[in-house]
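Visitor: Hi, I'm new to this one. Could you walk me through a few spots?

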Amino acid sequence: MKILVTGGAGFIGSNFIRHVLAERKDYELINYDKLTYAGNLANLAEVAEDPNYTFIRGDICDAATVEAAMRGCDAVIHFAAESHVDRSIYEPAPVIDTNIKGTFTLLEVARALRVERFLHISTDEVYGDLTPGDFADESSPLQPSSPYSASKAGADLLVLSYVRTYALPAVITRSSNNYGPYQFPEKFLPLMITNALEHKPLPIYGDGKQQRDWLHVEDNCRGILRVLEKGRAGEVYNIGGLDIEENLTIARRLLNLMNRPESLLSYVKDRPGHDRRYALRCEKMRVELSWKPMILLENGLRQTIEWYANHTAWLADVRGGEYRSYYAKYYENRDSSLRDVVPS
Ligand code: NAD
Ligand code: TYD
């Protein structure tokens, strides 16, 4: 099978490419990536010479280069996105371009070339803010809250419209919050880990009682491969870690594992429109595709801490230019303006 992977230089995409090259010796992967601030070919250094792997630099909004890359492929796995909620709040335009227009461009080319499989990677955030104790299954309503989650929900609906209208054999996965090696340190877990490694404060938004379902990226990659190979066209599959925790609990657990004091917790101004709870029901993956998460959060956190501690050169590299100015603009401000919410 020849697969076009979009966004393969990012966090989940690069983990997926390494996973598939190790697990499927007869698959050929083409990584199509624009290399935005979040895309990093160093994530794929160990497979760069693999004969089953090729890299093409390109934007998913550019139909001509997408078509040249997709021609001859049996399947498309679409990871490419502007993936950070905070950035989508500060600057929504690139999020709408890539996540909606980019997905539309891919769908149009896939339709014209009659690709046999189109796997769209989406998120639990499309279900929006759940009430305490509630879980979302694949038929729950889409009620996104941020420009990021709205753009992902819009893309999901476009994909489903291509299934219905043009019989495009597409399928969607909606996963919960991923964590693990190679995650860009703007997201919660790698930010907390890397700050704690350097004895810097851990910025906790609001009261820190927001709940997320944590999924190790390797469990997600196994699930995505299962859906690619066995999922039914036109269907949506939730992929969750089934471990739902408050942010504050996770931050405290990290500090404990890293032998750092709780005084590093720093309560900062909340994110506008911040969803309190995400939680997935994943019966469909379990019953239909015999998938379940294998990595316990405690073990995954230990492994991830160790990975960041051992990859200081990678970290210094991704924290160069663009990250530095983003962090200074949005985070240093928050740190100093705070302590306006204190948990009970
Ligand atoms: P990421 O930000 O680490 O990587 C995104 C990749 O897409 C980067 O390599 C970037 O260069 C590339 N890209 C961005 N715009 C592009 C464009 N216009 N053309 C081509 N390439 C472009 O993201 P991630 O965390 O790996 O997420 C991958 C996918 O999974 C996204 O679709 C995201 O919405 C979804 N998702 C992520 C999570 C999570 O916890 N990280 C959870 C659920 C779903
Ligand atoms: P994030 O990693 O941005 O993922 P998402 O918003 O897509 O779930 O954030 C995870 C949770 O952590 C979310 O509730 C926001 C919170 N958070 C903080 O408390 N501090 C931070 O510095 C960041 C980046 C996130």
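This is a predicted model: local features need pLDDT of at least 70, side-chain atom pairs count only at pLDDT 80 or more; totals for chains, interfaces and linings use all residues.

Visitor: Okay, is serine 290 buried or exposed?

Guide: Serine 290 is exposed, at 59% relative accessibility. Its phi is positive, about 50°, although serine 290 is not a glycine.

Visitor: And where is serine 290?

Guide: In the loop between α9 (283-289) and α10 (297-309). Helices are DSSP runs of H or I with at least four residues, strands are runs of E with at least two, and both are numbered from the N terminus.

Visitor: What about alanine 167, buried or exposed?

Guide: Exposed, since alanine 167 has a relative accessible area of 60%. Alanine 167 sits in the loop between α5 (147-166) and β6 (170-175), and its phi is positive too, near 55°.

Visitor: Switching topic: at what angle do α2 and α4 pack?

Guide: About 45°, with the axes of α2 (residues 63-70) and α4 (residues 93-113) 10 Å apart. Axes are lines fitted to C-alpha atoms over the stretch in contact, and angles run from 0 to 180 degrees between N-to-C directions.

Visitor: Which residues meet there?

Guide: Ala63, Val66, Glu67 and Met70 in α2 meet Thr105, Leu106, Val109, Ala110 and Leu113 in α4, where contact means heavy atoms within 4.5 Å.

Note on methods. Residues are numbered from 1 along each chain as its sequence is written. Chains are lettered from A and ligands numbered from 1 in the order in which they are written. Side-chain values use heavy atoms; hydrogens and water are left out. Buried means under 20% relative accessible area, exposed over 50%, partly exposed in between (1.4 Å probe, protein chains only).
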